[in-house]
Amino acid sequence: MYEGKAKNIYSTDDEQLVIAEYKDQATALNGKKKDQISGKGALNNQITSLIFRELNRHGIETHFVKQISKTEQLNTKVEIIPLEVVVRYYTAGSFSKRFDLAEGIKFKTPLVEFYYKNDALDDPFINDEHVKFLEIATDEEIAILKEKALAVGAVLTELFSQIELKLIDFKLEFGRLPDGRIILADEISPDTSRLWDADNNHVDKDIYRRDLGDIIPIYQRVLDDLQTKFEGK
């Protein structure tokens with residue numbers, strides 16, 4: 001049905017369900033940097049599956065149904081809303097570059113930002129008025145997206161703190177069900193979350209973005225720690 005930078009999406013015999021296959025492809029700079037990294041897809045699928053199970057357990061509705069292999073999961077079919085919803089707890093990445101700020105400054109309250117999902121435009125930052133003008137979401141839906149993103153962030157912050165990682169920021173995508181209800185979709189992994197350890201070392205895709213080393217042992221560490229802490233609940 002769809003081939004993305006990180007996943008392929010396949011139809012199933014059930015029109016309400018799709019299969020997401022995680023790829024061994026790493027990309028950065030909106031696809032300008034691209035490499036095949038063996039084992040990455042399996043790690044991100046397993047990490048995302050575990051995190052989505054925890055979110056579902058906390059009453060946050062997601063598209064995740066179940067993990068069906070190391071690289072595949074079964075998901076509820078949704079119409080993806082063309083927004084990246086970013087929640088920031090500390091300055092880092094593009095925010096630090098945009099405002100010429102050091103990384104690691106804590107915000108008084110979390111920031112929620114929208115980016116327009118459009119590769120040709122390099123996924124530009126947009127505000128609420130832009131979202132409404134482009135007819136991506138209504139005022140009510142914008143409020144729902146922000147509320148849900150912050151609710152997800154509260155769970156993720158606690159989840160990662162239990163494996164001694166600090167959540168710096170993260171990206172979410174949401175989708176609409178046929179009845180118009182908005183639920184969490186896509187993935188949550190070190191590809192989409194910026195994570196630092198107690199010494200402020202990167203435990204995320206910045207290792208690949210910034211050529212700091214091999215991401216596989218880092219992602220494996222995240223998976224192993226999450227499995228030790230949360231599997232069996």
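**Rings and their neighbours**

Reply: Let's start with Lys166, whose charged end sits over the ring of Tyr90 at 4.7 Å from the ring centre. A charge is said to sit over a ring if NZ of Lys or CZ of Arg is within 6 Å of the ring centre and within 35 degrees of the ring normal. Before going further, please note that this is a predicted model, in which local features need pLDDT of at least 70 and side-chain atom pairs count only at pLDDT 80 or more, while totals for chains, interfaces and linings use all residues. Residues are numbered from 1 along each chain as its sequence is written, and side-chain values use heavy atoms, with hydrogens and water left out.

Now to rings that meet other rings. A pair of aromatic rings is described by the distance of the centres and the angle of the planes. Here, rings of Phe, Tyr and Trp (its six-membered ring) pair if their centres lie within 6.5 Å; planes under 30 degrees apart are called stacked, over 60 edge-to-face, and the rest tilted. The structure holds five aromatic pairs. One of them is edge-to-face because the planes of Phe52 and Phe64 stand at 75°, with the ring centres 6.3 Å apart. This pair links distant parts of the chain, as Phe52 belongs to helix α1 and Phe64 to strand β6, twelve residues apart. Helices (H or I, at least four residues) and strands (E, at least two) are DSSP runs, numbered from the N terminus. Both Phe52 and Phe64 are buried; that word stands for under 20% relative accessible area, with exposed over 50% and partly exposed in between (1.4 Å probe, protein chains only).

Tyr115 is buried, with a relative accessible area of 10%, whereas Phe125 counts as partly exposed at 43%. Phe125 has a charged neighbour too: the charged end of Arg98 sits over its ring, 4.9 Å from the centre. Elsewhere, ring pairs link Phe95, Phe99 and Phe107 into a cluster.

Let's return to β6, the strand that carries Phe64. Strands of a sheet pair through backbone hydrogen bonds, either parallel or antiparallel. Two strands count as paired if DSSP finds at least two bridges between them. In this model, an open sheet of five strands runs in the order β1-β2-β3-β7-β6, with antiparallel pairing. Its edge strands, β1 (2-3) and β6 (64-67), each pair on one side only. The partner of β6 is β7 (residues 72-76), which runs antiparallel to β6 and is joined to it by three bridges. Gln67, for instance, has Gln73 in β7 as its bridge partner. Helix α1 (residues 40-57) packs on this sheet and touches β3 (17-22), β6 and β7, where contact means heavy atoms within 4.5 Å. The direction of α1 makes about 130° with that of β6; axes are lines fitted to C-alpha atoms, for helices over the stretch in contact, and angles run from 0 to 180 degrees between N-to-C directions.
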